[in-house]
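Visitor: I have a chain open on my screen and would like to go through it with you. Can we start with the terms and then look around?

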Amino acid sequence: MPITPATATHTPSNGTADAILLELVDEDGVTIGTAEKLAAHQPPGQLHRAFSVFLFDEYGRLLLQQRALGKYHSPGVWSNTCCGHPYPGEAPFAAAARRTFEELGASPSLLAEAGTVRYNHPDPESGLVEQEYNHLFVGMVQAVVRPDPEEVASTVFVTPPELAERHAKDPFSSWFMTVVDAARPAIRELTGPSAGW
């Protein structure tokens, strides 16, 4: 993992896993404190900062990922290209670029802000709650993706009809439709009218 001022304090030097802290925010997205990651997701959930990334290829197809089966939260479901949480003090844009590379082994060739969305989605499978102030990003990926198998079980590029077909038959993350709908104006601007988003 690249070491930045934000990640330096979150990178264990002794090989042990430190507790991961998230930024707690108010309804306007202003930081009001921190909480341990799992604790922030326990019901009823604590409002925290997150990000969601939507990357497209040169044909306007969206890169989806299937979350690894070993993940404690929403394992095995399909979701957007990448999502996660900035470390306290880390800019959402930097976190989105960092985490995309960590999970998929490829950096976006273009990444742009696409607004924010606030939601509260309980996950019936895990019992955890996504209470998030989510920063959205859209962009392009041109490199071959090499997913980290501990994070990602599978990837696929989809057109809008292929996404609708997959969404009808496969399980998706509880937050997927909320974030894709919120990012749709920026997605359309990025991909153009012919892509059909």
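Guide: Contact, or touching, means heavy atoms within 4.5 Å. This is a predicted model, in which local features need pLDDT of at least 70, side-chain atom pairs count only at pLDDT 80 or more, and totals for chains, interfaces and linings use all residues. Residues are numbered from 1 along each chain as its sequence is written, and side-chain values use heavy atoms, with hydrogens and water left out.

Visitor: Good. What does F54 touch?

Guide: Not counting residues up to four places away in sequence, F54 touches L62, N80, T81, L136, F137, V138, G139, V179, V180, A183 and I187.

Visitor: And which residues have the most contacts inside the largest nonpolar core?

Guide: F54, L64 and I187, in a core of 24 residues. A nonpolar core here is a set of buried Ala, Val, Leu, Ile, Met, Phe, Trp, Tyr and Cys residues joined through side-chain atoms within 4.5 Å. Buried means under 20% relative accessible area, exposed over 50%, and partly exposed in between, with a 1.4 Å probe and protein chains only.

Visitor: Which elements give two or more residues to this core?

Guide: β3, β4, β7, β8 and α5. The largest share, 6 residues, comes from α5. Helices (H or I, at least four residues) and strands (E, at least two) are DSSP runs, numbered from the N terminus. There is also a second, separate core of 14 residues, which includes F51, A95, F137 and V152.

Visitor: Let's take β8. How many of its residues are buried?

Guide: 12 of the 12, residues 129–140, so the strand is largely enclosed by the rest of the structure.

Visitor: Which residues sit on each side?

Guide: V129, Q131, Y133, H135, F137 and G139 are on one side of β8, and E130, E132, N134, L136, V138 and M140 are on the other. Both faces are covered. In a regular strand the side chains alternate between the two faces of the sheet.

Visitor: Which way do the paired strands run, parallel or antiparallel?

Guide: Strand β3 (residues 48–56) runs parallel to β8, with 9 bridges joining them. Strand β7 (residues 110–122) is antiparallel to β8 and is joined to it by 11 bridges. Two strands pair if DSSP finds at least two bridges between them.

Visitor: Switching to α4. Which of its residues are buried?

Guide: P160, L163 and R166, in a helix that covers residues 160–169. They cover an arc of only 125° around the axis, which puts them on the same side of α4. The arc is that of the directions from the helix axis to the C-beta atoms.

Visitor: What's on the face turned away, and what covers the buried residues?

Guide: The face turned away carries the exposed residues P161, E165, A168 and K169. The cover over the buried residues of α4 includes β4 (62–67), β5 (78–79), β9 (152–158) and α5 (176–191).

Visitor: Back to V152. Where does V152 lie?

Guide: In strand β9. V152 counts as buried, at 4% relative accessibility. Leaving aside neighbours within four places in sequence, V152 is in contact with Q65, Q66, A68, E103, L104 and P147. The C-alpha atoms of V152 and W78 are separated by 9.7 Å, with the two residues 74 apart along the chain.

Visitor: Last one, the overall picture. How many helices and strands does the chain have?

Guide: 5 helices and 9 strands. From the N terminus on, the elements run α-β-β-α-β-β-β-β-α-β-β-β-α-α. The C-alpha trace spans about 45 × 35 × 35 Å along its principal axes. Of the 197 residues, 50% count as buried. Residues 24 or more positions apart account for 67% of the contacts in the chain with a separation of 6 or more.
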